[in-house]
Amino acid sequence: MAQTRAATARLARQAEIESRHPQAVQYFKEGVGSVLRQWTALELAVFHQWGGPQSSDRAQDLVDEIVELFLGPEKIYKDDISLLLEDYLDTNFSTICEDGSPDELGDLFCTMWRECIVGNTNLVTSALSREYVRHEMVSKSEGLDNGDADDGSDDGMDNDAQEELNEAVRKGLQAVEEGEMETEDATGGDAEPEPEPAKDPEGWETVARGKKTKKR
């Protein structure tokens with residue numbers, strides 16, 4: 001009975017939000033998914049299947065849990081998200097994240113939620129853009145490793161590449177509006193070479209596995 005009331009309350013809150021900005025919740029979900037696919041801790045956990053054969057599904061379930069949390073009746077703070085991320089990694093992937101990234105993601109998701117529900121999708125667009133660039137860089141690196149020639153152009157993004165990026169982001173957001181966005185696998189596509197425990201563009205790097213020692 002309590003679960004039914006909670007579900008009803010979530011649906012009512014979602015309807016109230018979407019009455020003002022119809023795609024707000026879907027935008028937020030896509031933004032969260034994109035950020036989590038770029039989170040080194042989760043990426044490594046999925047890549048190595050620390051959560052078992054269902055690691056990719058568990059990563060997607062995390063996206064759903066975060067969205068459901070924000071749709072609940074209580075105001076959500078960054079510490080709530082940080083604790084959820086830490087506990088989820090520990091419970092589902094036997095992984096302890098010690099680099100402070102859960103706190104950073106908690107702050108990011110709270111800000112992204114506040115912006116999405118008033119119709120601002122800048123953070124979502126930014127996340128999708130970074131994911132696109134990251135994917136292109138990995139693809140190019142794999143091409144060079146396979147012996148593909150480099151044309152010797154400079155490392156900066158030229159106008160054609162920038163326009164391609166902008167178009168990809170526009171198509172992604174348009175797909176969200178049409179309800180046709182298919183969530184990518186949490187690995188971000190084809191399997192990549194084994195990641196090294198080095199800093200990613202967000203500065204996150206330390207991931208450890210094992211039993212968690214509660215700090216709270």
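How exposed is Asp107, in terms of relative accessible area? Asp107 is partly exposed, with a relative accessible area of 39%; here buried means under 20%, exposed over 50%, and partly exposed in between, with a 1.4 Å probe and protein chains only.

1. Basis of the note. This is a predicted model, in which local features need pLDDT of at least 70 and side-chain atom pairs count only at pLDDT 80 or more, while totals for chains, interfaces and linings use all residues. Residues are numbered from 1 along each chain as its sequence is written, and side-chain values use heavy atoms, with hydrogens and water left out.

2. Negative patch. Asp107 belongs to helix H6; helices are DSSP runs of H or I with at least four residues, strands are runs of E with at least two, and both are numbered from the N terminus. Together with Asp79, Asp80, Asp103 and Glu104, Asp107 forms a patch of negative charge on the surface. Such a patch takes residues with over 30% relative accessible area and no salt bridge, like charges being joined within 9 Å. Helix H5 (78–93) and helix H6 (101–116) each contribute at least two residues, and the largest share, three residues, is that of H6.

3. Aromatic pairs. The whole structure contains four aromatic pairs, counted where ring centres of Phe, Tyr or Trp (its six-membered ring) lie within 6.5 Å; planes under 30 degrees apart are stacked, over 60 edge-to-face, and the rest tilted. The rings of Phe28 and Trp113 are edge-to-face, because their planes stand at 75 degrees, with centres 5.0 Å apart. Since Phe28 lies in helix H2 (residues 24–37) and Trp113 in helix H6, this pair ties together parts 85 residues apart in sequence. Phe28 and Trp113 are both buried, and ring pairs link these two residues and Phe70 into a cluster.

4. Salt bridges. Five salt bridges are present, each defined by a side-chain nitrogen of Lys or Arg within 4 Å of a carboxyl oxygen of Asp or Glu. One of them joins Arg10 and Glu68 at 2.6 Å, N to O; it links helix H1 (residues 2–20) to helix H4 across 58 residues. Arg10 is partly exposed at 27% relative accessibility, and Glu68 is partly exposed at 37%.

5. Contacts of helix H7. Arg37 and Glu131 form a salt bridge at 2.6 Å, N to O. Arg37 is in helix H2 and Glu131 in helix H7 (residues 122–145), so parts 94 residues apart in sequence are tied together. Arg37 is buried at 9%, as is Glu131 at 12%. Glu43 is buried at 10%, whereas Arg134 is partly exposed at 21%.

6. Seven of the eight residues of H3 are buried, among them Leu42, Glu43 and Leu44. Most residues other than glycine have a negative phi. Gln49, however, has a positive phi near 55 degrees; it sits in the loop between helix H3 (40–47) and H4 and is partly exposed at 46%. Ser94 also has a positive phi, about 50 degrees, in the loop between H5 and strand S1 (95–97). Ser94 is partly exposed at 35%.

7. Leu62. This residue lies in helix H4 (residues 55–71) and is buried, with a relative accessible area of 0%. The C-alpha atoms of Leu62 and Leu84 are separated by 9.0 Å, the two residues being 22 residues apart along the chain.

Terms used:
Patch = residues over 30% accessible without salt bridge, like charges linked within 9 Å, V, L, I, M, F, W, Y side chains within 5 Å. Areas by Shrake-Rupley, 256 points an atom, 1.4 Å probe, with all protein chains shown as cover. Lys, Arg positive; Asp, Glu negative; His and termini not counted. Charge placed at Lys NZ, Arg CZ, Asp CG, Glu CD.
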